[in-house]
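My entries follow in the order in which I took them.

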Amino acid sequence: MKTKFLFYIIILAALTACEKKLDQVPISQASAGNFYRNTADFEQAVNGIYQALHNIPNTYDYAVRQNELAEVRSDNIYSPGTSGVRDWLPINNFDKTLATNPNISGLWNDDFNGILRANTVLDKLSVELVPDNTTRDRMEGEARFFRAFYYFDLVRYVGKVPIFDHVATPTEALTIPRSPVVDVYTLIISDLQSAISKLPFTYPTTQKGKVTADAAKGILALVYLTRSGPNYGIEGPGLATTEYNQAITLLDEIINGNRYALQATYPAVFAYTNENNTEILFDMQSVDPGTTANAGLGTELPSWMYEGAYGQKFLGFAGGVDGDGPKVPSNSLRSSFEAADTRDDFSILPSYTDLNGNLQNRAQFIKFLDLTKKPLIRFNFAINYPILRYADVLLMKAEAILRGGTGTQADVDALVKRVRDRAGLTASVWTNVTLDQLLAERRREFMAEGKRWHDLVRTGKVLTAMAAFDASDDVANKMNAITPNDIIYPIPFNQLSISPGLYVQNPGY
Amino acid sequence: MKQTKLLIAALILLLPSLLFAQQKQIKGKVSDETGTGIPDASVSVKGTTIAAITDAAGNFTISVPETIKKVELRITHIGFPEQLVTVSGNEVSITMQRTAKSLDEVIVVGYGTQKKRDITGAVATFNTENLDERPVPRVDQAMVGQMAGVRVKQTSGLPGRGFSVQVRGTGSIGANNEPLYVIDGFPLEVSRQNDNGGFSTGNPLDNLNTNDIESIQVLKDASAAAIYGSRGSNGVVLITTKKGRTGKAVISFNAYAGYNERVRKLDMLDAEGWIDRSIDIINTNWVKSGAGRTADQTTAQRKAILGTTSTNVNFMIDDRWLMPGHPGLTYVDWQDEFFRRGTVQNYQLAATGGNENVKYYISGNYFDQKGITYGVSNTSYSVRANVEVQASNKLKFGLNIAPTYSIINDPGVDGKDLETHIAASLAPVVESTAGLQTAVYPFINYAWAGSRVSPVERVKQMTGQNKLFRTLGTIFADYTIVKGLSLRSSINLDNADATRKTYVPFQVAQIAATRVPSGSLSGSKRLTFVNENTLSYIKTFKEKHNVSAVAGMSYNSFKFDNWSMTAGTYTTTDVTTLNASTNNTATSSETKNVLISYFGRVQYDYDNKYLLSASIRKDGSSKFGDNTKWGVFPAFSLGWRISEEKFMQSIEKISELKIRGSWGITGNNGYDGDYNHLALLSFANYSYGGVQASGQILNTTNFPNPDLSWEQSETINIGLDLGLFKNRIITSFDVYNKRNSDLLLRIPVPLASGFSSALTNIGEVVNKGWELEITTRNLVGKGLTWTTSVNLSHNTNKVEQLGPNNTPILFNGGFDIEHSILTVGEPMYSLYLVQEIGLLTTQDITNGYPRFGNEEAGDPKYLDANKDGKIDANDRVLSGHPNPDYIWGINNTFSYKGFDLGFLIQGQQGGKIYSMFGRAVDRTGQGSVDNALASYANRWRSPADDGKPGLTQKAASTFGRIKNTDWMYSSDYWRVRTITLGYNLGGLVKNKKVVSGARLYITAENMFGKDKYAGGWNPEAVNTSGEDYGSFPLSKGLVFGLNLTF
């Protein structure tokens, strides 16, 4: 009888106590339902927007992708491939098969992911949750800056893109087609203008690397220059708007603000020990977590530039570019340096001896590599990747003047001279600098920084420059002739099938 | 004589109280069909507690009070159906019929048992008889090829790796397709088989000792499985372990030992073939690298042209290749060096016995297997105690407990870039100075062979140790409230602690000037707790109305914790643990879900003729949305035993005829992750000025969905059971239609939203098929006996509905474009590939035949399926499906005098496998550093080969790669899984008091077979992205065994 009683108790206890247990909450993750409560939470959400520059898990971070899409693509790197099948070879060779290239899906994925993160903050931010006006303005400025920044990256590479200015549900996303380039620019410009008004000019030392009003101005200047470029008869980044004076105004504000300056030497700009120096307006910050985890904090960029056999000898961990598709600095780039120029000596390693004792006389970029600062794994290089630096501000102004903005030839010559002097070319003074000369100087100054392709596109030179490069440097005869359709990339193939007809592929792919 | 009488009289006088009544002695013998005595059979007198056990020769003596007029003996023994014999005299001879599928057999169904003849659903019974007399290390392995509709796939030959089990095809796209396992009433979920062929939270059959298994039933249709509700739609595997039996202790000792080796070798180019191909590629590269460069230029000339003194392996061959005897170079067959002959041994000691109050079964087992390559092994220790105590005539309680410990060593041999892959694809030429030590410290790699380190040394030196300590325990109490009504309560706990240690010594680390060791320690704890309380009722009304019912509730919680630590920099090369390393990385995570259920079932039959069963279960799960936490799963079934009707009695040939029909709804909750219905955040840290700053972002794979719920599966089953010629032929045929709807499906969302997919309940898949099982006792009697069981099943699988607008969903995009598609009207995960239709000829190029990239003559010719004049991803077409149309198994057993012989042939037809391993050994654009399939010996070499049939594409291609039919193979195979020949030494054993039974046997495993998979080792393989990428091969071997009974 006692036993029977016991059973009843067990069952009753079980019935009443248990059903509450069906409301389980995640143990090892936060859930969106109980996050975004206070300033500290929003700081974390804002940091997440920056992190889209690294975005893991992903093969390519922002720096690597610029290297593939704007350097390999351009006349700075010649990488036709010998026998292997590597993602960047079709980019180098102007193949038409790029719609399935991982670089393209990475671009689309990471940029839109960053946009989602920015939209999340913009949707949730409110005076109730972040009461301090300065802090809230700064957060809004950061989110708007990045939404514009990621959209600008997209518009430069693929032209028309769908506009998401808030967090959309999956069903809503299925109804949003690609918007005309002009509409995308409208969002970019309004976001950047708003960011300029809300962002501070400086940050405390603990927040070095956060985006400033000057950085937003510099990027907006570049947006104007880019928009003002020719349209080549495609729906690309150029709209021929001739907004050079808008650019000059912004660049002058930066220059006159006197918060930035050129470093004394070229290597000082990129030194691991001199990061966040006065030349850097905006960069991708990287840190080595000191472990063997790929935590999305460091960059893999240096190892995408050196050869595998070099890495085997000098780095001691896996990585590096296979011997079948090295990213060799092109002959046309290397032969353009004057003897006194310090920049190629710093940036390019002409040859090395491998583990087998063989001399490998292919050149490679080592601009972002410091063998004394190597991490434990290839993903964790602690080098910041410059996105906008003061030399660029100076040369953009020169470019704006040469393209028809207000200013004199003397202004241009003086701006170019400052950059050339720093490169060690004080003895070789240029006067009456032309647009072509300016572009050549930019090429040397910014090699391996993901600028060359955009420079050529923006100034209307891309078709002629690449045709010339094909003729002079393509000894393997792998490159296809460039056409206007090649100025922008395709959108990812797999996005076309999600809702057939929603997106139309760019012509030529 | 007189003395004896006196003695008896004295005893009667002295001990009157001991004698309740006059006794009569019944002597008897229990034997099997061949006349051999059956030892340890339990003999009891019906209606009393009087019992006896047969001796080694099958003889027994039992004392029965004279008061019992009609003596009915009940004889039971494992492997035989229970028999009731009415005894009239003092002697009896009883023959037990050893029928594999006796209809009177009582089998386990969910929350109860049922006679097989009364079953109205679709239940497959695996005859586990003598499982302990065969060398089978895993329970899932024992199930291969045994039951119709149950596909047991060995996706990897790695020792200790769980098999994938599919009941009636696969109905779920994104969720689990593995069944629910119920071990002695304890339901245990298995996670979906992951992309590398493993089970992320372990497998319920891990460390489960095969020798302890009493029976296995698989509930296939909804009416049988719906009592398991939201976890029933992939079928339910009921496993019952051995129980103690009344009688004197029976001790058995089972041992086996043997060897195993790889089933086969992959046909790769030999060293000459590799050199020939490399020369071809290098010369082509050279000629293309600039003007004035020709294939006949020597290495010296090439260096002169390039203005260098060093050797560029992309453009220059190794001159030693062409020298007689290739001085300084050694040719290696890596597969021969990599694989070895392994060994296997197992020892089990078990004891069973008991009396009316306590029954026990205890066993201990030691298993050890050395795998077919170095460093791969599996050692396990397991103990089990199943004890039942009859505390009073109303209360029974029991304890089942099975602590186990296993150590599986796998240095990393299964999948992409791991050692089995390398053993196939590493160039078969090395520097003689290094030999098998190629690229092992202090040697460097052979310059023309890439930088891979010798796989033989890697497996010998690397550590990959998986330890699993698992305890499976159940306590239960059974209380009879009134006759026919009983209450059962059980508490079950499964605790599995797994750890994995890895260590790679610097000597075999990837080649570099500074080689460093690496290591890690990781682990998990899986805790499943189940409390179940059931009330059972059984009663017969008016002799013909048989009713049984069960109702209950269950609380189920599942907690999974895992953690890992990775070494940073080792400060010494002598110590492998992480205390010797600085900058270690550590992480951990935990997850938990709870399931609460209420269920009930009623079974009724009228006169054993008309059968009815109905069940319902209500499940509430923490895994689903607030609006949809609860689901209801009903089922019913009907049966008609036509053979019991009067009009059938005259048809003697038909001994059993039953038709069955069932309908029911089951669910599937097996989606990875416990919090999919919530919007979650992920960590996304950044840094400012070199200092980390924590960040959190929306998890982009999780859009919040408060309506997220189970998948539903609705099954209709119609079956026929037929027994002919006194059940000499027993056959069972089932037809089913299983419709899975509201699938847990990740529908693709435009990436521009920032989300990649959204998990929703959408989509429908239908599996239709039939199953046939036939058991024939071809020869019976005292001499040669022969029994055959055949099972054959056919299943087709079709996607009926997908996400919004039924837009096809593409899958498996790793390493290129997607190669699998879900599209309405086609089987799940159909292969979707560009078609290779031959090789491009020079004429094709001239004619402008559409090409992919910069294809040239000798490269593959692809079908321009959409006729748009170019080859690209739009030219993919449906090319086959991964699941076979037919699976089958044939078991034959023979016995003659003391000999027994059994063999199992098993196979499948109609499926395809897409071999990602082709990427390592058969890729367009593959360089000269790797080895390639032997088919490259017979390749296109020059335009003179244009149009020749049967050639492989040329060696040096640079156009790139698009997923096409070249890596698709038929997964058809047949295999003689086991052949066992045994001899019963029973007759030779002199002293029956010491050893009552003995049997010797020899088993050959996987000795014969055939498949069509030239691009890999195993046509059922799964790993890396869900396709084969060099999964570890199956093994074959010979095993010698001994069974002793004391």
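I call a residue buried when its relative accessible area is under 20%, exposed when it is over 50%, and partly exposed in between, with a 1.4 Å probe and protein chains only. I take helices (H or I, at least four residues) and strands (E, at least two) as DSSP runs, numbered from the N terminus.

I note that this is a predicted model, in which local features need pLDDT of at least 70 and side-chain atom pairs count only at pLDDT 80 or more, while totals for chains, interfaces and linings use all residues. Residues are numbered from 1 along each chain as its sequence is written, chains are lettered from A and ligands numbered from 1 in the order in which they are written, and side-chain values use heavy atoms, with hydrogens and water left out.

Entry: I looked up H4(B) and found 13 of its 18 residues buried, so I list the helix as mostly covered. H4 of chain B runs over residues 271–288 and reaches 26 Å from first C-alpha to last. That is close to the expected 26 Å, the expected span being 1.5 Å times one less than the number of residues.

Entry: chain B overall. I counted 11 helices and 56 strands in chain B. The C-alpha trace spans about 125 × 65 × 65 Å along its principal axes. Of the 1046 residues in chain B, 58% are buried. Of the contacts (heavy atoms within 4.5 Å) in chain B with a separation of 6 or more, 69% join residues 24 or more positions apart.

Entry: backbone. I found a cis peptide bond between Tyr441(B) and Pro442(B), with omega about 5 degrees. Pro442(B) lies in the loop between strand S23 (429–431) and helix H8 (455–461) of chain B.

Most residues other than glycine have a negative phi, and most peptide bonds are trans. I noted a positive phi near 55 degrees for Tyr232(A), in the loop between helix H9 (213–227) and helix H10 (244–257) of chain A. Lys542(B) also has a positive phi, near 45 degrees. Lys542(B) sits in the loop between strand S26 (518–541) and strand S27 (545–566) of chain B. With a relative accessible area of 74%, Lys542(B) is exposed.
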